[in-house]
Amino acid sequence: MTLDIATLFVAATAIDFVTALYFWALWLGRREQRVYLWIAASATSATLGCLLFMLREVVPDWLAVWAAQLFIIQIFAFLWAAVRLVHARSRSVVETWIGSALWTGACLVPAFFEAEPVRNAVATLAFTAYCAAMCVELLRPHRARASLNRIVTVVSLLLLTGFSILLAVYSALNEDVVAPLRKPDPLAALWLLAYMVIYVMLVMAVTTLELGNEADREREAATTDALTGLFNRRAFLARSERLMARAGGATLLVLDIDHFKRINDLFGHAAGDEALVRFAAVLRLAIAGFATDGPATVPLVARLGGEEFVCLVPGTNEAAAARLAERIRSLVERDLAATGGPGMTVSIGLAASPAGIRTVGDLLLAADKALYRAKNGGRNRVEQEEAAEPFVARGPGGATALPVAAAALMA
């Protein structure tokens, strides 16, 4: 059975046209998904490139040769831009069009345009460079875990790059690489078939990678507080029980910004939002590098709602958790000097328990009661639950003295 290159060109044009329509429709329905725009542009370039090759003996040479090869180059340039966006990396206009620009400049030289072997080799190397660039991009370290889809994509690109280098060598040694449609050429047909299959695989792979990114973004939106970037209540409750069980216990801090309504009333809600963002940044700073017993005991911080936050410190080292609470209180109090914005203080309630004795819900209730005592006791202070050994830390506006046990913890 002999592969018919004319039939393959017709099939490739039809497949690329349908692919282009599909991704243009996707992008028009979701303009924020620019990856679909670049895939649509790539498939459109593939359609036009194949169509012009089919009309090689009908249309003028400058159109069949220069424009056709330009569209072929842009197939992979646009697909490279899509891969960059999948990795949340910007693409350069210059880099997207430099291959076509160099090709166009070369075609303006009569000697080059008339030398078909050299011309075909240069055009092939131009889009081969974009294939190699996509390989490099996909092999870059990325926060997404390695997946079979990513491996298949890289392997496909490596195959395409290898085919393209061979084609460039073959083009440099042969006068008529793309056989006229009326003349059978099994080798040219095999090359075209290989490009068709690998291109479809690449489009599917890049689309799957972007769908994975969309799923990650949706999961992040469902578990993250939009304003502060911390976990939300739902994510905290989902993770805290497992974390407490794994660490053998936990200390829970409930934190409430003092007189937050006053910040909103005096400075406006925008200033209130900024204060919440600053507070979240202070929490991240306070827990940076903190762990009572290795990575498994890194604190879990979340915004419960409004001006109320929570910090679960895994492990049974209650004294270390108490020191962390005082560190947070002190950093929040000093934040005004660093930012020049509305000053803030925080009241903190603290409750601790070994795993299996109380649930996170029980700790929340106990820490909340301790928080109310901190509020009623003058604010800008840390209070432990009453059942535990007393611990009180406060700033200048807090209690008049520290218990001996608290002084020992703070030493």
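Predicted model: local features only at pLDDT ≥ 70, side-chain atom pairs only at ≥ 80, totals over all residues.

Tutor: Two strands are said to pair if DSSP finds at least two bridges between them. Strand β4 covers residues 346-354 and runs parallel to β5, to which three bridges join it. G349 has E383 of β5 as its bridge partner.

Strand β5 itself comprises residues 381-384. In a regular strand, side chains alternate between the two faces of the sheet. Here R381 and E383 point one way, whereas V382 and Q384 point the other way. All four of these residues are buried, so each has under 20% relative accessible area.

Of its 411 residues, 49% count as buried. Among contacts with a separation of 6 or more, 69% are made by residues 24 or more positions apart.

In soluble globular proteins, nonpolar side chains tend to be buried together. The largest nonpolar core of this chain has 64 residues, and I39, F76 and W103 have the most contacts inside it. Among the elements that give two or more residues to this core are α1 (5-29), α2 (34-54), α7 and α8, while α3 gives the most, with 17 residues. A second, separate core has 32 residues, including I263, L283, I287 and M344. As for F76, its contacts beyond the neighbours within four places in sequence are F127, Y130, C131, M134, L160 and Y195.

The surface has a nonpolar side as well. Carbon and sulfur atoms hold 65% of the accessible surface of the chain, which comes to about 19,700 Å². A nonpolar patch with about 950 Å² of accessible area together includes L148, F163, L193 and M201. Helices α7 (148-173) and α8 (186-223) each supply at least two of its residues, and the largest share, seven residues, comes from α7. L193 lies in helix α8. L193 counts as partly exposed because its relative accessibility is 30%, and that class lies between the limits of 20% for buried and 50% for exposed.

Note on methods: Residues numbered from 1 in each chain as written. Heavy atoms only, no water. Buried < 20%, exposed > 50% of the residue type's maximum accessible area, 1.4 Å probe, protein only. Contact = heavy atoms within 4.5 Å. Areas by Shrake-Rupley, 256 points an atom, 1.4 Å probe, with all protein chains shown as cover. Patch = residues over 30% accessible without salt bridge, like charges linked within 9 Å, V, L, I, M, F, W, Y side chains within 5 Å. Salt bridge = Lys/Arg side-chain N within 4 Å of Asp/Glu carboxyl O. Helix = DSSP H or I, 4+ residues; strand = E, 2+ residues; numbered from the N terminus. Core = buried A, V, L, I, M, F, W, Y, C linked by side-chain atoms within 4.5 Å.
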